[in-house]
Amino acid sequence: MSRRAALAVLAAAAAGAVAGCTPAREQHRVRRRHVEAKVDPDVAVAADALAGQKAVLELIAATQERHKGLAQVLTQPLTTQQAHVAVLARAVPDDVSPSPSTSPSPSPSGPDRRTRVPGDPARALQKVVRAEQDLRTSTKRLAFNAESGAFARILGSMAAAAAQQAAVLETARAAGQGGS
Amino acid sequence: MTPLQALQHTLAGEHAAVYVYGVIGARVSVSQQPDLWQRVGEAYDLHRDRRDNLTAMVRAAGADPVAAEVSYELPNEARTPGQLQQAALETEQRCAAVYADMVGSTSGANRQWALDALEDASVRLLGFGGQAEPFPGVGEL
């Protein structure tokens, strides 16, 4: 399957959500529902996947910014997250939000805890490892639930990529690249 | 590809993997490449178990499991330590692609099996000198 075809699967799901056939008499009732209720199930899955990928991308970028010594080891995970976000973003219409369980909740006391970077480089690297492990788990769950087989295949690959990044970063952490 | 075809396709891939790892394992020196020897042995055991899993899954789907070929073409000459490691790496990469296809053609427990196998192969290939990539098993992205 070509990249274009793979994206077409996602785009088609998105288009279905936007241009769904809703009779006029139903529109008022539909408007009252939560936005998720009229979104194609796979677009909702894509929105959740995108939120998870973005959160880890932000954490990696923030960690690179705070700990210059970790910049090199985090370059590949950053590139991977950017690739995943780019693919998923094209499948999610602007007006579709992730489910409440996956969207970051703003904190009154500062930045989201998930993107707060520990001051100790070793702990900061460990936090990225855990974030990749969590992303692997959540993305696998989304792949399991996806209705489109082609979309499930891409999500499964993204989950495997997160597992790879977690393994590579854990090796680097164990080798002391995170410092003391 | 139907779910049953996906199972048979993956089983055929496991037959090949078991064969290739059998050859590699016989050629790796336990004294000179103990780490590679151990990794190859673990991979052989794992793929043999997966072959047996898939055989049962195909039978559960009401079909006759596809049989193994008499022999398979190795990814390379598989003579030097470098070639042996490369052969193992390519075997895992090919398996990852097959598992990804199975993810896309199955659902429920069979899809979960394929997701777990895809993740394992993607991490296992790192131990054979492979590099992490954004879309393991999905070559066109």
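In this predicted model, 27 residues of chain A are in contact with 22 residues of chain B, two residues being in contact if their C-beta atoms, placed from the backbone, lie within 7 Å. The side of chain A that touches chain B draws at least two residues from each of α1 (3–18), α4 (75–89), α5 (121–145) and α6 (149–174) of chain A, and α6(A) gives the most, with 15 residues.

Within chain A, the axes of helix α3 (residues 41–66) and α5(A) come within 10 Å and cross at roughly 170°, which makes α3(A) roughly antiparallel to α5(A), a term for angles over 145 degrees. The contact includes A:Val45, A:Val56 and A:Leu59 of α3(A) together with A:Val128, A:Leu135 and A:Leu142 of α5(A).

Chain A has 6 helices and 0 strands, where helices (H or I, at least four residues) and strands (E, at least two) are DSSP runs. Buried residues, those with 20 or more other C-beta atoms within 10 Å of their own, make up 43% of the 180 residues in chain A.

Residues are numbered from 1 along each chain as its sequence is written, and chains are lettered from A and ligands numbered from 1 in the order in which they are written. Because the model is predicted, local features need pLDDT of at least 70 and side-chain atom pairs count only at pLDDT 80 or more, whereas totals for chains, interfaces and linings use all residues.

Conventions
A residue is buried if 20 or more other C-beta atoms lie within 10 Å of its own, exposed if 12 or fewer, and partly exposed in between; C-beta atoms are placed from the backbone. Axes are lines fitted to C-alpha atoms, for helices over the stretch in contact, and angles run from 0 to 180 degrees between N-to-C directions. Angles under 35 degrees count as roughly parallel, over 145 as roughly antiparallel, 65 to 115 as roughly perpendicular and the rest as oblique.
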